[in-house]
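Dear colleague,

Please find below the sequence and the structure that I am handing over to you. My notes on what was found follow directly after them.

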Amino acid sequence: MMPPSRTRLINAARRSMLQRSQLRRKLGIAGEAFKPSALAGRARNQVQEAIDDSAHAVREQFRRNRLPIALAAVAGVAWLFREPIKQQAPRIGRKLGEIADRAMARLRPGDDVMADEAQPDMEEDDDETPQ
């Protein structure tokens with residue numbers, strides 16, 4: 001039989017070996033966690049989660065507020081094209097005005113002046129017979 005002091009020393013040595021092995025394992029895990037590739041991977045995951053959360057929030061807001069967001073989008077596109085619109089608007093406005101004037105002239109009751117100008121006289125064509 002072994003003396004009790006020797007048994008205690010052996011048990012203490014075993015406990016210290018177990019503690020060392022646990023410490024080495026934990027240090028290995030920590031060392032792996034602080035490698036640049038692991039840090040970059042965690043950062044990438046966090047950014048991806050933030051993007052996913054933001055995208056989800058935007059989708060939900062769009063579902064709840066479609067009209068205001070659509071109006072804001074149209075206003076934004078109009079703002080982006082403000083210079084070309086400034087150049088083209090007078091021409092388009094004149095053309096729309098002409099179209100509106102013609103439409104109003106056709107819709108006016110009893111105003112046959114425009115209708116007479118639109119249809120050629122048949123009598124005038126008869127006068128132009130070759131001689």
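A term needed for one of the findings comes first: patches are made of residues with over 30% relative accessible area and no salt bridge, like charges being joined within 9 Å and nonpolar side chains (Val, Leu, Ile, Met, Phe, Trp, Tyr) within 5 Å. Accessible areas come from the Shrake-Rupley method with a 1.4 Å probe, and for residues only the protein chains shown count as cover.

This is a predicted model, in which local features need pLDDT of at least 70 and side-chain atom pairs count only at pLDDT 80 or more, while totals for chains, interfaces and linings use all residues. Residues are numbered from 1 along each chain as its sequence is written, and side-chain values use heavy atoms, with hydrogens and water left out.

Confidence and overall make-up

The average pLDDT (the predictor's confidence in each residue, from 0 to 100) is 84 for the chain, and 82% of the residues score at least 70. Helix α1 (residues 4-33) has the highest confidence, at 93, and helix α6 (residues 122-127) the lowest, at a mean of 51. Where pLDDT is low, the predicted coordinates should not be read in detail.

The chain has 6 helices and 0 strands; here helices (H or I, at least four residues) and strands (E, at least two) are DSSP runs, numbered from the N terminus. Of its 131 residues, 2% count as buried, where buried means under 20% relative accessible area, exposed over 50%, and partly exposed in between (1.4 Å probe, protein chains only). The chain exposes about 12,300 Å², of which carbon and sulfur atoms supply 60%.

The nonpolar patch

V77, W79, L80, F81 and I85 form a nonpolar patch on the surface, and together they have about 540 Å² of accessible area. Helix α3 (residues 66-80) contributes the largest share of the patch, 3 residues. F81 lies in the loop between α3 and α4 and counts as partly exposed, at 47% relative accessibility.

Helix α4

Helix α4 has 26 residues and reaches 35 Å from its first C-alpha to its last, close to the 38 Å expected at 1.5 Å a residue. The expected span is 1.5 Å times one less than the number of residues in the helix. A kink of about 45° lies at Q88 in α4, shortly before the proline P90; the bend at a residue is the angle between axes fitted to the seven residues ending there and the seven starting there.

Salt bridges

The structure holds 4 salt bridges, each being a side-chain nitrogen of Lys or Arg within 4 Å of a carboxyl oxygen of Asp or Glu. One of them is in α4 (residues 82-107), where E83 and K86 are 3 residues apart, and therefore separated by about one helical turn. Their closest N and O atoms are 3.5 Å apart. E83 is partly exposed, at 43%, whereas K86 is exposed, at 55% relative accessibility.

In helix α2 (residues 36-64), E60 and R64 are 4 residues apart, again about one helical turn, and their salt bridge has its closest N and O atoms 3.8 Å apart. E60 is partly exposed, with a relative accessible area of 21%, and R64 is exposed, at 58%. A network of salt bridges links E60, R63 and R64.

K35 and E32 also meet through their side chains in a salt bridge (3.1 Å, N to O). Both are partly exposed, K35 at 38% and E32 at 45% relative accessibility.

With kind regards
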